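Please look over the sequence and structure below. A short briefing on selected local features follows.

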Amino acid sequence: MAETRTEALHQNAEGLDIQAPDAILSSLANAQIEAAKAVRGAIPAIAKAAEIIASRLNSGGKLAYAAAGSSGLMALADALELPGTFGIQRDRIAILIAGGDDAFKTLAGGPEDDTDEASAAVAAAGIGEGDCLIAVSASGSTPYAVRAIEDARRRGAATIAIANNKDAPLLRLADIAILLETPPELIAGSTRMGAGTAQKIALNMLSTLTAIHLGHVHDGYMVNLMADNIKLRGRAARIVAAISGRDRDDAAQLLEKSGGVIKTAILLAAGAASADAAQKILEGTGHKLRPALSAIEGSMGRKASVLKTEPEKGQQGD
């Protein structure tokens, strides 16, 4: 079998262990930067994948992540952030990691070969028609990830693969293949490094674009966050104040009236008659804030306070 890119020796690796610490760290930093650049080539595929995920979530489906080892940790980090950052319900996110809960203590290598465990995990998560599964594997041939994507596809789910080797089995199986063609690792085969960095960036981009499609981002603000601690309650008030043009005290009061829901608080500031009325407006716009603000403006026949209903130059709208 030909040596894969993720197992090859980096061109600058010779004599690494006898170099000065500063030189070693400089090489490691440069290798990470080079790996990160590989994500740019995957932008078209990431864009297509985000559309599919948003469509499935918008229709009531689930999003599952399946991976093993360090790829599993990258997937886990992305998945766990979605409810708090973008307000996606926790029961709509499934995390399938080889080894299950034990992986968080030992991250043993053996479970990544357990295809029966992968099949059981896909079945237990109820992944099927209307859902979407992302499988992540640096090599693109990890048995756990491959079986997970095979079973998800057979059950009717949309499938997305993220891998770092061209022509990998995982990429061939998926509806959308995201190739992150990172250079060989400075420590050959240690894909927690460059490959993992590229995976983390790609997953961040994928989930963020998905959230934008779902209407959870307005200008640069996360308007669907779950404000469940002091820091996030303060952030929520700042978001309401920034978008509505109200002061922080008014923003805090609006959030209290809205039950802590940022979009609702902003619509109350714009002139919505009540929290219930604001919620109905949001339902009519697919929970997107910008068209909801435009709807209020149109119904009132005037500008809705000082709220922005058009994106400023250089900003991305909903």
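Thr-191 counts as buried because its relative accessibility is 16%, where buried means under 20% relative accessible area (1.4 Å probe, protein chains only). The model is predicted: local features need pLDDT of at least 70, side-chain atom pairs count only at pLDDT 80 or more, and totals for chains, interfaces and linings use all residues. Residues are numbered from 1 along each chain as its sequence is written, and side-chain values use heavy atoms, without hydrogens or water.

**Thr-191 and its surroundings**
- Thr-191 sits in the loop between strand 5 (176-179) and helix 7 (194-213); helices are DSSP runs (H or I) of at least four residues, strands (E) of at least two.
- Setting aside residues up to four places away in sequence, Thr-191 touches Thr-6, Ser-70, Ala-138, Glu-185 and Gly-196, with contact meaning heavy atoms within 4.5 Å.

**Annotated span**
- An unreviewed UniProt entry places "domain: SIS" at residues 53-216; such annotations may be inferred rather than shown by experiment.
- Residues 53-216 are 43% helix and 16% strand, and the end C-alpha atoms lie 14 Å apart.

**Helix 8**
- Asn-229 caps the N-terminal end of helix 8, with a side-chain oxygen 3.2 Å from the backbone nitrogen of Lys-231.
- Buried residues of helix 8 include Leu-232, Ile-239, Val-240 and Ile-243.
- Just after helix 8, Gly-245 has a positive phi of about 80°.

**Helices 9 and 10**
- Helix 9 (residues 248-257) packs on helix 10 (residues 262-270) at about 115°, with axes 8 Å apart.
- Leu-254, Leu-255 and Lys-257 of helix 9 meet Ile-262, Ala-265, Leu-268 and Ala-269 of helix 10.

Definitions and conventions: Buried < 20%, exposed > 50% of the residue type's maximum accessible area, 1.4 Å probe, protein only. Polar contact = N/O pair within 3.5 Å; in protein donor to acceptor, adjacent residues only side chain to side chain. Axes fitted to C-alpha atoms, helices over the stretch in contact; angles between N-to-C directions.
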